[in-house]
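Here are my notes on the model you asked me to look over. Keep the viewer open while you read.

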Amino acid sequence: METKNIAPSFDRASELKAFDETKTGVKGLVDSGISQIPRIFHHSSVKLANPEPVSSDLLHLKTIPTIDLGGRVFEDELKHKNAIEKIKEAAEKWGFFQVINHGVSLELLEKMKDGVRGFHEQSPEVRKDFYSRDLTRKFQYSSNFDLYSSPAANWRDTVACTMDPDPPNPQDIPEICRDVTIEYSEQVMNLGEFLFTLLSEALGLNPNHLNDMDCSKGLIMLCHYYPPCPEPDLTLGTSQHADNTFLTVLLPDQIEGLQVLREGYWFNVPHVPGALIINIGDLLQLITNDKFVSLEHRVLANRATRARVSVAGFFTTAMRPNPTMYGPIRELVSKENPPKYRETTIRDYTAYFSAKGLDGTSALLHFKI
Ligand SMILES: O=C(O)CCC(=O)C(=O)O
Ligand SMILES: [Fe+2]
């Protein structure tokens, strides 16, 4: 007799709602002492696997490159040229690289992570007051921005904070992370401007080109908190996705977990002390007409005994009613290399990305000509 493995019936919609209404996120579940994760967090085994790479040659690459920014002042022209060459190669092949000597003090990086931990580890009563799905809020705490639209929930909570343009009133940021969030975001804005000059040069453009296009003019910070997971083989910390930004500056934790998908294989991103991780987002891939790539990445569920935190600084002006149309940069297209994307506003791009949720497909495809 054939036996079928029928899963017990499960009312997904009610479970999502019940979880959301606790307003205390994944951290709340962990604090309640659960030893099994709820079904809403189960991902399909296909999404969790790491198949063999398309080409085994690729494995000798090991991982994404690390680039020394020399404290943002290059001693001589050779060092400057070298850095640009490395950034060009990384942006074309990986869309990801780590930077060291980036000019943001290591003390500030640690203080920022302490601030994120401090917020998420406050009492549930205090956290609940900030919990919201209102994306227009400048300081918003929730679990899974795409809880109701994605196929499976992630083992992660997040604070989203729009820092530029129009940052929140300081008193709207909780005191536990207020000063450090303001200081860190200013430093990331400065670093972003510097990185966009190097990226412009790597494209063979005038150093100011990407800054003049306002690529460095908006900053949204996502302060992620990944509690330890009792069943890390069944879920993810962040589902496979590419970022809907021009550029992302990611402050990582010593606890690893970030993986980048290149040619069908998930590469681990190792912890490099003091480094920031930089990745090209979809909008930069679009305006460079695929010269730079926005690679898919994901975060494994946290296997450690303490929480993993990260801060993703997103360069995008999604929060500003900006009518500017963005399409492939004129200098980068030609008769032989015609535009591959139609023009869009950042707002439209972001609205499409957010409605789709992190379902493992690229939002860029929707804008291809
Ligand atoms: O937490 C991480 O390491 C990465 C988070 C991420 O990919 C994102 O916020 O887009
Ligand atoms: Fe990301």
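The points below go from the whole chain down to its pocket and cavities.

1. First, the ground rules. This is a predicted model, where local features need pLDDT of at least 70, side-chain atom pairs count only at pLDDT 80 or more, and totals for chains, interfaces and linings use all residues. Residues are numbered from 1 along each chain as its sequence is written, chains are lettered from A and ligands numbered from 1 in the order in which they are written, and side-chain values use heavy atoms, leaving out hydrogens and water.

2. For the complex, the ipTM is 0.99 and the pTM 0.94.

3. Take a look at helix H7, residues 178-202. At 1.5 Å a residue, its 25 residues should span 36 Å, and the end C-alpha atoms are 36 Å apart, which agrees (the expected span is 1.5 Å times one less than the number of residues). Just after H7, Gly204 has a positive phi of about 80°.

4. What does the largest pocket look like? Its volume is about 870 Å³, and 41 residues line it, with Phe145, Ile220, Leu222, Asn244 and Phe314 nearest its centre. Helix H10 gives the largest share of that lining, five residues. Strands supplying at least two residues each include E5 (219-226) and E12 (308-315).

5. The largest holds about 70 Å³, and among its lining residues are Leu250, His271 and Arg308. On a 1 Å grid over the protein atoms alone, a cavity is a set of points where a 1.4 Å probe fits but cannot get out; a pocket is an open set with protein on both sides within 12 Å along at least five of seven lines; lining residues have an atom within 4 Å of a point. Grid points are joined across faces, edges and corners, and volume is the space filled by probe spheres set on the points.

Key:
Helices (H or I, at least four residues) and strands (E, at least two) are DSSP runs, numbered from the N terminus.
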